[in-house]
Amino acid sequence: MTTDSPQDPAVAFTAATKTYGAVRAVDGLDLTVRQGETVALLGRNGAGKSTAIGLLLGLDEPDSGRVAVFGAAPDRAVAAGRVGAMLQEARPVSRVTVRELVGFVARTYPSPMPVDEALALAGLTGLAGRRVDRLSGGQTQRVRFAVALAGNPELIVLDEPTAALDVEARQEFWDSMRGYARRGNTVLFSTHYLEEADAYADRIVVLDSGRVLADGTGEELKRAAGGSLVSFDLAGGPTDWLGLLPGVTSFEVRGDRARLRTGDSDATVRALARRDAVRALEVAPVSLNDAFLALTRPPHATARTLETAR
Amino acid sequence: MITAYVRLEVRRTLRDPGFAISTVGVPVMMYLLFTNLGADDSAYRTAAMVGMAAYGALGAALSVGTGVAEDKSTGWLRQLRITPMTPRQVVTGRALTGTVVVLPAIAGVLLAGGLANGVRMDAWQWPAVALTLWLGSLPFTLLGIGNGYRLTAQTTGVVNVACNLGLAVVGGLWFPVALFPDWLRALSEATPTHRFAELGVAVTDGTAPAATALAVIAGWAALFGAYAAVSYRRSARAV
């Protein structure tokens, strides 16, 4: 990761808004990605991830606000060959071999990496002579990755890069991606796999309804969502007092078991002990999964969120 | 950059077996069939050679648009937009691709005429006919590109086939215009395909192409060019 520098940020959204019909896909988005960072855009389907990516690649223009890539308009950064991207939902290009395709894309950039290097980074060396439209889903995905990095861009943008990959291919993919990021390049990827965001990004930006809901490391997000989960057996006792316990931000009752999300597990446990409500007591850190759900999901029937974590 | 793009797209086109069959195989076959069924008529064999070569070139030129529509639906055009190639370079590259992929069709039918049908012309006339047909196919490439950017992949395929057959038949590429009723002949005069073949036939006769033929083709080229430009601009945001 680069330290503070006078460089322009790799990506800067300033109050960017994009509307499709009645839907505000991106709604006043403010987000800055520094050069050299690896950032995950995390959100459910329809959270605005792909729209945000379309804006920063210059495929779309914001209705209002500003989007800048390396301090310039996105299409200028793209034309200068500073950006590479792997788009979602692309079907393979027909009647062309892997090497022809990657070689062609490389040639459109001012200072590409050698084609063999791009193929090796994407794990395609053995498939170079194969036709792209005759590869498996995972292999096609790797071709798209090779296409994204062939030009040796400083910023690489990956829209749900591992959606079609099995576990092993996913691991290989992230190894390649980390190799690329380690060269000082900026990586921005969207995903709805929390573990991926946690494991491979320096920073996680949670998007919901086109806005940044949370922004920080995995640890920070877990804290923001209420750092721990305290659970115990109710033994048929009442539940109305659970929300009043110190530190508790939300609670849920499943069967006879109360699950409390708390920002201060010590205080919560002490309070429970005073009431002697410690049957089968458990304290666990919230998973990023819990944190994500707490951040994005509106409370449902059996759970009440007392205070929206931010 | 454009050269690399044209090379890629030409490869992709030529690797499509359907392309080779419909733009080289079918015109050559139809040419040999039509000219060897009826009476032995060397003038007709020459005129039909030009007509069928023009037909093949027409199909090849329109197929560029079918390719555009396909690439739009697979996301390849979108991927191209995030390379340093400008959209204008992409369209230009496509048009240039059209000028390359019409060549096998023209060469195929001319070869069939010279080798199988014994068409005899002065040495200069062969390259001159090929060159004329080659240049004259540009308006049809523009028409195909216009369709490709404007319509969906399926619709483009259908519309291009309709354009291909309609323009070929009405333009007299399949059957001599002399066989047409008066009203159809009048209509035929206005088609770009008829004028396209007329240019080629003039070369085989050793005469200069008629000014009206050039004017009609130029008019259609301007119209199809504008159509391609408007379609492209309209779709640019959606691609």
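Modeller: Two residues are in contact if their C-beta atoms, placed from the backbone, lie within 7 Å. By this rule the contact between the chains takes 23 residues from chain A and 19 residues from chain B. The structure is a predicted model, in which local features need pLDDT of at least 70 and side-chain atom pairs count only at pLDDT 80 or more, while totals for chains, interfaces and linings use all residues. Residues are numbered from 1 along each chain as its sequence is written, and chains are lettered from A and ligands numbered from 1 in the order in which they are written.

Colleague: Which elements give two or more residues to the side of chain A that touches chain B?

Modeller: They are helix 2 (74-79), strand 5 (83-86) and helix 3 (98-107) of chain A; helices (H or I, at least four residues) and strands (E, at least two) are DSSP runs, numbered from the N terminus. Helix 3 of chain A gives the largest share, four residues. By class, this side of chain A has 15 nonpolar, three polar and five charged residues. Here Ala, Val, Leu, Ile, Met, Phe, Trp, Tyr, Cys and Pro count as nonpolar, Asp, Glu, Lys and Arg as charged, and the others, Gly among them, as polar.

Colleague: What makes up the open sheet in chain A?

Modeller: Three strands form it in the order 2-1-4, with antiparallel pairing. Two strands pair if DSSP finds at least two bridges between them; strand 1 (residues 11-20) and strand 2 of chain A have seven bridges, so they count as a pair.

Colleague: Why are strand 2 (23-33) and strand 4 (64-69) of chain A called edge strands?

Modeller: Each of these strands of chain A pairs on one side only. From one strand to the next, the twist averages 25°. Helix 1 (residues 49-56) of chain A lies across strand 1, strand 2 and strand 4 of chain A, at about 60° to strand 2 of chain A. Such angles run from 0 to 180 degrees between N-to-C directions, and the axes are lines fitted to C-alpha atoms, for helices over the stretch in contact.

Colleague: How is chain A divided into domains?

Modeller: An automatic or database domain assignment supplies the bounds, giving domain 1 (11-216) and domain 2 (224-305) of chain A. Their C-alpha centres lie 38 Å apart. Their contact takes eight residues from domain 1 and six residues from domain 2 of chain A. On the domain 1 side, helix 7 (194-200), strand 8 (203-208) and strand 9 (211-216) of chain A each supply at least two residues. The residues of that side divide into five nonpolar, no polar and three charged.

Colleague: How do strand 8 and strand 9 of chain A form a hairpin?

Modeller: Two residues lie between these strands of chain A, and A:S209 in the turn has a positive phi of about 50°. Strand 8 and strand 9 of chain A run antiparallel and are joined by five bridges. A:L207 stands opposite A:V212 in strand 9 of chain A.
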